[in-house]
Amino acid sequence: MILKIGKLFIAAVIFTGISALAVSAFAASGPALFRSEGCIACHTIDGHGGSVGPNLSHIGSQRSLSWIKTQIVTPGAHFASGSTVTINGKSYMAIMPNHKNMPASDVNTIAQYLESLK
Ligand code: HEC
């Protein structure tokens, strides 16, 4: 009996290890999501990307994690849609799309990545 429980325990530990590995292999990283979600079309990081929106290379030294999360999900909470806004001395038309349907885990991953850019 004890032997059986021991084997089950070992099997469970191995299984948990494998699924943790699988999750980390398949969960997209911040930089990957930044590309696949289309942020890069409008925003530049370290010399790559578009210029419709502000350069985000140092966004982590300007905005907090929660501010960035809100910006991704509801940009209108910060900038009136369609208005002209000035960020770091440059003017932009506030046209960032909202990402209300983005899974919270992806919002967190992108926001944490951006917040790390100091
Ligand atoms: C169609 C172009 C476009 C896309 C796509 C886009 N943005 Fe934006 N973004 C903008 C514009 C324009 C602004 C300026 C304010 C606004 O529109 O709300 C902005 C502002 C921001 C800001 C604030 C910058 C600052 O200096 O305060 C962050 C952070 C940001 N975007 C992140 C993202 C992320 C992350 C994505 C992808 C999930 C994304 N954006 C997708 C155009 C875009």
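Hi everyone, let me start at the ligand: a polar side-chain atom of Arg-63 sits 2.8 Å from one of the ligand's oxygen atoms, a polar contact being a pair of N or O atoms within 3.5 Å. Before going on, this is a predicted model, where local features need pLDDT of at least 70, side-chain atom pairs count only at pLDDT 80 or more, and totals for chains, interfaces and linings use all residues. Residues are numbered from 1 along each chain as its sequence is written, and side-chain values use heavy atoms, with hydrogens and water left out.

The backbone joins in too. Ile-95 places a backbone N or O atom 3.1 Å from a ligand oxygen atom, and Met-96 also has a backbone N or O atom 3.1 Å from an oxygen atom of the ligand. In total, 25 residues surround the ligand, counted when a heavy atom lies within 4 Å of it. The closest are Cys-39, Cys-42, His-43, Arg-63 and Met-96.

Now, the helices, which are DSSP runs of H or I with at least four residues. How do α3 and α4 cross? Their axes, lines fitted to C-alpha atoms over the stretch in contact, come within 9 Å and cross at roughly 130 degrees. The contact (heavy atoms within 4.5 Å) includes Leu-65 and Ile-68 of α3 and Val-107 and Ile-110 of α4.

How values were computed: Axes are lines fitted to C-alpha atoms, for helices over the stretch in contact, and angles run from 0 to 180 degrees between N-to-C directions. Helices (H or I, at least four residues) and strands (E, at least two) are DSSP runs, numbered from the N terminus. A polar contact is a pair of N or O atoms within 3.5 Å; within protein, one must be able to donate a hydrogen and the other to accept it, and residues adjacent in sequence count only if both atoms are side-chain atoms.
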